[in-house]
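Here's a quick tour of the structure below. Have the viewer open while you read.

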Amino acid sequence: MPTPGKRSAPESVRIENVTKTFRDPATGRENTVVRDVSLDIAPGELVTLLGPSGCGKTTTLRMVAGFETPTSGRVFIGSDDVTQLPPNKRDTAMVFRSYGLFPHMNVRENVAYGLKLRKRPAREIDERVAAMLAMVGLKGYETRPPSRLSGGQQQRVALARSLIVEPGVLLLDEPLSNLDALLREQMRVEIRRLQRSLGITALYVTHDRVEAMSLSDRIVVMRSGEIVQTGSPQEIYRNPTSVFTAGFVGKATFFPGVFRSGAVEIRGRTIRVARFAPELKDGDACAVMCRPESLVLLPPGEGVAEGIVIANIYLGHSVEAVIRPVATDGGDSAPTEAQSADFIVQIDNPHQEHADAPDGALRPRIYPEGARVSVGIDPALAKALVPEAE
Ligand SMILES: Nc1ncnc2c1ncn2[C@@H]1O[C@H](COP(=O)(O)OP(=O)(O)OP(=O)(O)O)[C@@H](O)[C@H]1O
Ligand SMILES: [Mg+2]
């Protein structure tokens, strides 16, 4: 398949101590929504900004695009300081949540738009548009208006329209949020393929952790305008540095425990967790983070927490057992917030009936709804974190 036109080299992006404060003209009140954010993106890298609604992702992206100017700090594309440049003077292209296609133009005209603006010769435009439409799988749709395309097809046109100008940096703001689940999955693969094959630098904004995990070279987790952690999807998932990140990037159960020299005590049991936050000192209260795959179901009394199976959710390759904690007979400690949340336990290969217990006895792997069970921890996958302040 021909590459549409000759590409310029992908650019690096540097966001340097960027802060954005909005001032409400009515009240005069100031609101800092991005605070001292610094980030380096390598040429050809796909970096995702992930965080809850309102944490400053779009604002950060818009400062890279040039739609907002930082209150302080600088933005570089390649070695150029672009902080004060308008969007059309930057080597960027942006794909929006609402595709923003021109309704009065057909597919071909929409995709050709950026090249026309750049006054490329007609023949070159024809060739590059044809190659680009082939690349995004829209050959044969040239003369359709956007109103007669499905959501996924419109998204492909939007992507093609951004990619055809061969931007040094591609900026995407929740580009898949209007698509249904299956299409989102297909388009995720598609975006990743195009970004890789064109070697394009991309900054991608989403609040969807699955999207971030499956697309990114690196994930930047944001909270209240600040970066709280940066790392590969695996690092962020396996080794989160805070309860917030742990809970935001994947399903997690947190058991309250006490940290004692590299191990944690939970309800009188000592567990040698593989990882722990460096801030923890002997005797500190901690939150032991467990992913669903790091928990196991055991007969009552054998694990670190007791509960009742309230649902077995069949996912094909696994079953997720939802366990509602029950107060234990000791009654010495009332359940805390963390304790009273449900535990999610992942059971792989649900069609296999029993697990081999160390004593050779066969134990059930899935307990029926309503059954009393205990939850055990696989220490190799657990991490002790500093509890979140209320
Ligand atoms: N032009 C503006 N004027 C004033 N406040 C703004 C402006 N744009 C954004 N904000 C505020 O800045 C904060 C961050 O907004 P932003 O759009 O960056 O969040 P986000 O992380 O993209 O959220 P979402 O996931 O909901 O899109 C919000 O509280 C928002 O209300
Ligand atoms: Mg946003």
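Helices and strands here are DSSP runs numbered from the N terminus, a helix having at least four residues and a strand at least two. Keep in mind that this is a predicted model.

## Overall layout

The chain is split into domain 1, residues 13-238, and domain 2, residues 251-385. Between the C-alpha centres of domain 1 and domain 2 you'll find 40 Å.

## Around ligand 1

Which element gives the largest share of the shell around ligand 1? That's H1, with 3 residues. Strand S2 (30-41) and helix H1 (57-65) are the elements that each supply two or more residues to this shell.

The residues around ligand 1 include the run from Ser 53 through Gly 54, Cys 55, Gly 56, Lys 57 and Thr 58 to Thr 59. Also there are Phe 22, Asn 31, Val 33, Gly 51 and His 207. Sorted by class, the shell has 8 polar, 3 nonpolar and 1 charged residues.

## Helix H4

Is H4 enclosed or exposed? Of its 13 residues, 10 are buried, so the rest of the structure largely encloses the helix. Among the buried ones are Gln 154, Arg 156, Val 157, Leu 159 and Leu 163. The buried residues of H4 pack against strands S6 (92-95) and S7 (169-173), along with helices H2 (107-117), H3 (122-135) and H5 (181-198).

## Nonpolar cores

The largest nonpolar core holds 60 residues. Val 64, Val 111, Met 132, Ala 160, Leu 171 and Leu 203 have the most contacts inside this core. A second, separate core has 32 residues, including Val 243, Phe 343, Tyr 367 and Val 375.

Zoom in on Leu 171 next. Setting aside neighbours within four places in sequence, Leu 171 is in contact with Leu 61, Val 64, Ala 65, Thr 92, Ala 93, Met 94 and Leu 203.

## A look at Thr 19

Thr 19 sits in strand S1, residues 13-23.

Beyond its neighbours within four places in sequence, Thr 19 is in contact with Thr 32, Val 34, Arg 35, Asp 36, Pro 70, Thr 71, Ser 72 and Gly 73. Take Asp 36: it is 17 residues from Thr 19 along the chain, yet their C-alpha atoms are separated by 5.0 Å.

Note on methods: Residues numbered from 1 in each chain as written. Chains lettered and ligands numbered in written order. Predicted model: local features only at pLDDT ≥ 70, side-chain atom pairs only at ≥ 80, totals over all residues. Buried ≥ 20, exposed ≤ 12 C-beta atoms within 10 Å, placed from the backbone. Contact = placed C-beta atoms within 7 Å. Near = placed C-beta within 6 Å. Nonpolar A, V, L, I, M, F, W, Y, C, P; charged D, E, K, R; others polar. Domains from an automatic or database assignment. Core = buried A, V, L, I, M, F, W, Y, C linked by C-beta atoms within 7 Å.
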